[in-house]
Each structure stands twice: as structure tokens, then as C-alpha cells.
Amino acid sequence: MLQIEIDNGSGFCFGVTTAIQKAEEELEKGTQLYCLGDIVHNGMECERLRAMGLVTIDHEEMARLHDVTVLLRAHGEPPETYEMARRNNIEIIDATCPVVLQLQKRIKKQYEAGAGQIVIFGKKGHAEVLGLVGQTHSDAIIIESLEEVTKLDFSHDIYLYSQTTKSLDEFHRIIEYIQQHISPSATFRSFDTICRSVANRMPNISQFATKHDLILFVCGRKSSNGKVLYNECLRVNPNTHLIEGPEEIDPSWLADVRTVGICGATSTPKWLMEQCRDVIVAME
């Protein structure tokens, strides 16, 4: 008989859980609630909340709204968004993750101190990174990988931060490279701003993936954190498949398999992983 295990460590992180709870509370009051961007990088969870009445908007749409309520998701926003809300008399429900909020404050303080190059290890265009860069009037330098570190000016001071969901190992490799190349006359400081609730999932999910013949990694394909965790599963267990929902499960994957592990990203709801389990059970 096929054994199926859902990873206890997978599922929403604290920031996402809080944002969704705030949205549900407002919607249950009957409030017309708008959310700036997808509340979570998971299409099925977004659809569930849309059915409850949540309306997802972008910045251009927000600029045309007045006298409404807008929820800011866990990723955070740049100062311009708050200024827009003030001008348009928009009530803000701020669900910015406390870890992200603290990082924004640190970067802003560093920038206002007139520091050298403020460098952010993160994904260009990612909502969190846009909020971080916004603290510096877009002066911060974004690097997406170790290969991009070469574009920094090593003769000037460098202050390195990281998007909260990036790889801790790659962040440390970037630090080592800068330490090896920074001018003796320049200052280099790095700030480990990677969220431990995310970083700690790497060793845990790696161990989980080695326990099973087949791994189903349930995740929205837009999730930055999901890509990192999925690649870790794939590294230790080549029989790993990325799926967004139960309809993507291929019955042929179950051939000659005794155990199936189901896991996901910080943006993956538990109920979705449970649906995947139920579909597999029905296939037996």
C-alpha cells in the first residue's frame, strides 16, 4: 500500500498567515477590500480569497481609487505607496511582514546616513525588493547572483543586505567574494537579513525529500522562495515534480513507488497539499 506523508514544516510562513488572516477578518465584516498585488504567490489561494470578495489591484489601479480600504501584503511597499494612500484618502491595512519591515528600516537608516553603495541581494522586480529599493530613492544596487557581484565598485564602501527569502549559502559566497576584492581603503559590512523561518526550511526539506521515492512539491510558479526550496528537493531527490495543484499529478509518476512525500513553499496552503494527497489516494 502506498504511503503518503505531508511535510509538517511546509506551508505558510508567519508573514503570509498574518496577511491572509487580516484579509479574512475584513472580508467577514463585509468590507470592500482591495489587495495591492497577489496576497500570496499561489493562484489557488488567491482564487479562494477572490471568491470571498478580495479584489487584487496593481499600483496604477490604486492611483485611481479614493476613499477605499487597501491591504498591503507581507512583501512590503516603498514609501511612495503610503504617500499615494494619504493623497487619495485610502485606509491602509498594513500586513507587511515584521522581518521585512525591520529590514526596510535598516536600509533607510543606512541610506540616510549617507553610506556608500547599498547593495541588495535579491530578485529584480520582486515585490519585496521594490519595497527595499524604495527606501533609497532607487539608488540601491540589486544583484541577483554571485556572477553579478563583479559590477560593484570595490574601491568604495559596500553595505550588503539580502531579500529575506534568498539562499543563505549563496549570500555567504557573495560575502566571501566581496571580502576578497574590497579595497583596503574601503569599508565592507554585511547584514544577514535572511528570514530564518525560511532559511531553516532548507535543511528540513532536504531531509524530508530523501525519505521518499517520489516528491511532489506544491507551489505557485511565481514563488521566489518556492523555486529555491524546489531546487533543493530536486538536488537530493531527482524524482521530484513541481506542481501547482492536484490536477497536475500524472498517475504514471506513481508506478513502482512505495512512498510519496508532499511538501511546498512558504506560500503553499496546507489545504492544497491535502487535496493533492486525496487525489493520490483516489488513484490507488
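Predicted model: local features only at pLDDT ≥ 70, side-chain atom pairs only at ≥ 80, totals over all residues.
Residues are numbered from 1 along each chain as its sequence is written, and side-chain values use heavy atoms, with hydrogens and water left out.

Buried in α11 are L272, M273, C276 and I280, where buried means under 20% relative accessible area, with a 1.4 Å probe and protein chains only. Seen down the axis, these buried residues fall within an arc of 105 degrees, so they line one face of α11; the arc is that of the directions from the helix axis to the C-beta atoms. An α-helix has 3.6 residues a turn, so residues three or four places apart point the same way. The buried residues of α11 pack against β1 (3-6), α2 (43-52), β10 (214-218), β11 (240-243) and β12 (259-264), contact being heavy atoms within 4.5 Å.

Open space comes next. On a 1 Å grid over the protein atoms alone, a pocket is an open set of points with protein on both sides within 12 Å along at least five of seven lines, a cavity is a set where a 1.4 Å probe fits but cannot get out, and lining residues have an atom within 4 Å of a point. The largest pocket has a volume of about 340 Å³. Of its 25 lining residues, C13, V16, H75, T165 and T266 are the closest to the centre. At least two lining residues each come from α1 (14-28), α5 (98-112), α8 (196-199) and α10 (224-236).

The second largest pocket, of about 300 Å³, has 14 lining residues, with K166, S167, E170, V228 and N231 nearest its centre. Two or more lining residues come from α7 (168-181) and from α10, and α10 gives the largest share, six residues.

The largest cavity has a volume of about 30 Å³, and D7, G9, S10, R201, N204 and I205 line it.

Terms used:
Buried < 20%, exposed > 50% of the residue type's maximum accessible area, 1.4 Å probe, protein only. Helix = DSSP H or I, 4+ residues; strand = E, 2+ residues; numbered from the N terminus. Points joined across faces, edges and corners; volume = space filled by probe spheres on them.
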